[in-house]
Amino acid sequence: AYRALADAPPSRLLELPLIEPGVHYGSVYDYYALQAPRERLSGYSTIAPKSAVDFYFLMNRLSCGVWRQGDRGTLAALGVRHVVFHRGLYRQAGMPGAWFAWRGLQANGYGVAAGTDTVTLFGPDAHIAPPPVPEPHPERPVLCEGWRGRTMVEREASLWVHGGGNLEMHVQAPGRVPVRIWIDGRPGGAIDIAGKTVFTLPIGASGWHSVALVVPRLFATKPPSAFRLED
């Protein structure tokens with residue numbers, strides 16, 4: 001994958017899963033930079049500039065295949081032409097969503113260009129291939145980045161649910177907080193959560209659906225949090 005990348009025209013590179021800059025798993029990408037030097041949007045550095053940290057928190061949902069309208073254009077504007085998918089890093093870092101990430105890349109115009117099922121180079125106008133990891137069990141939601149257990153601990157958190165019709169969510173927050181919602185990458189409105197709250201989201205036809213939740217602030221709990229998903 002990286003040999004093929006080294007022969008490709010210069011461009012910025014996105015590597016998945018995205019790792020917060022100060023977390024050591026990102027050092028894997030620094031190592032591969034020796035083989036295929038080019039500007040990257042992720043990697044390991046405890047003194048990373050704020051722009052790198054901001055990019056991580058803005059786009060880490062791509063690691064779980066949660067894309068919004070305009071994300072492909074954002075990456076293009078940043079000069080990203082290729083994406084490298086690291087199956088082993090998903091496993092080693094214990095990160096969910098590899099199956100969704102692979103499918104999300106292909107749904108947004110990236111195809112398999114080179115590499116193996118372990119490290120795979122994605123690029124434009126390349127071929128489609130099935131994910132090298134198993135599909136998650138459809139009877140359980142998949143909680144992506146932004147959650148600690150069932151508690152939302154970042155200002156944006158996403159999840160995947162399988163089903164159709166309406167999704168009923170039971171949550172509990174330590175106070176009142178407004179929440180903006182995206183369903184399958186499209187705006188799904190906004191609600192206010194205060195204490196125990198139940199709300200319903202229309203998710204459409206049966207299948208997998210992504211739900212992204214965004215709050216303007218976290219409460220000063222330990223750790224800081226927005227709300228908890230109840231059973």
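How many residues does the hairpin use to join strand 3 to strand 4? The answer is three. The structure is a predicted model, in which local features need pLDDT of at least 70 and side-chain atom pairs count only at pLDDT 80 or more, while totals for chains, interfaces and linings use all residues. Residues are numbered from 1 along each chain as its sequence is written, and side-chain values use heavy atoms, with hydrogens and water left out.

Helices (H or I, at least four residues) and strands (E, at least two) are DSSP runs, numbered from the N terminus. Strand 3 (residues 110–115) and strand 4 (residues 119–124) run antiparallel and are joined by five bridges. Within this pair, G111 stands opposite G123 of strand 4, and G115 has T120 of strand 4 as its bridge partner. Two strands are taken to pair if DSSP finds at least two bridges between them. On that basis, four strands make up an open sheet of mixed pairing, in the order 1-2-4-3. The edges are held by strand 1 and strand 3, each with a single partner strand, so one side of each has no neighbour in the sheet. From one strand to the next, the twist averages 30°; axes here are lines fitted to C-alpha atoms, for helices over the stretch in contact, and angles run from 0 to 180 degrees between N-to-C directions.

Turning to helix 3 (residues 50–59), the residues F55, Y56 and M59 are buried, where buried means under 20% relative accessible area, exposed over 50%, and partly exposed in between (1.4 Å probe, protein chains only). Viewed down the axis of helix 3, the buried residues fall within an arc of 100° and so line one face of the helix; the arc is that of the directions from the helix axis to the C-beta atoms. A handy reminder is that an α-helix has 3.6 residues a turn, so residues three or four places apart point the same way. The buried residues of helix 3 pack against strand 1 (12–16) and helix 4 (71–77).

The structure holds one disulfide, meaning a pair of cysteine sulfur atoms within 2.5 Å. This disulfide joins C64 to C144, with an S to S distance of 2.1 Å. C64 lies in the loop between helix 3 and helix 4, and C144 in the loop between strand 5 (142–143) and strand 6 (147–148), so the pair ties together parts that are 80 residues apart in sequence. The torsion about the S-S bond is about -60°, so the disulfide is left-handed. C64 counts as buried at 2% relative accessibility, and C144 counts as buried at 5%.

A nonpolar core is a set of buried Ala, Val, Leu, Ile, Met, Phe, Trp, Tyr and Cys residues joined through side-chain atoms within 4.5 Å. The largest such core has 38 residues, and those with the most contacts inside it include L14, Y110, F122 and W160. Among the elements that give two or more residues to this core are strand 1, helix 3 and strand 8 (156–183). Helix 6 gives the most, with six residues. Leaving aside neighbours within four places in sequence, W160 is in contact (heavy atoms within 4.5 Å) with both C64 and C144, and with F100 and W208 among others. A second, separate core of 24 residues includes L159, M169, L201 and L213.
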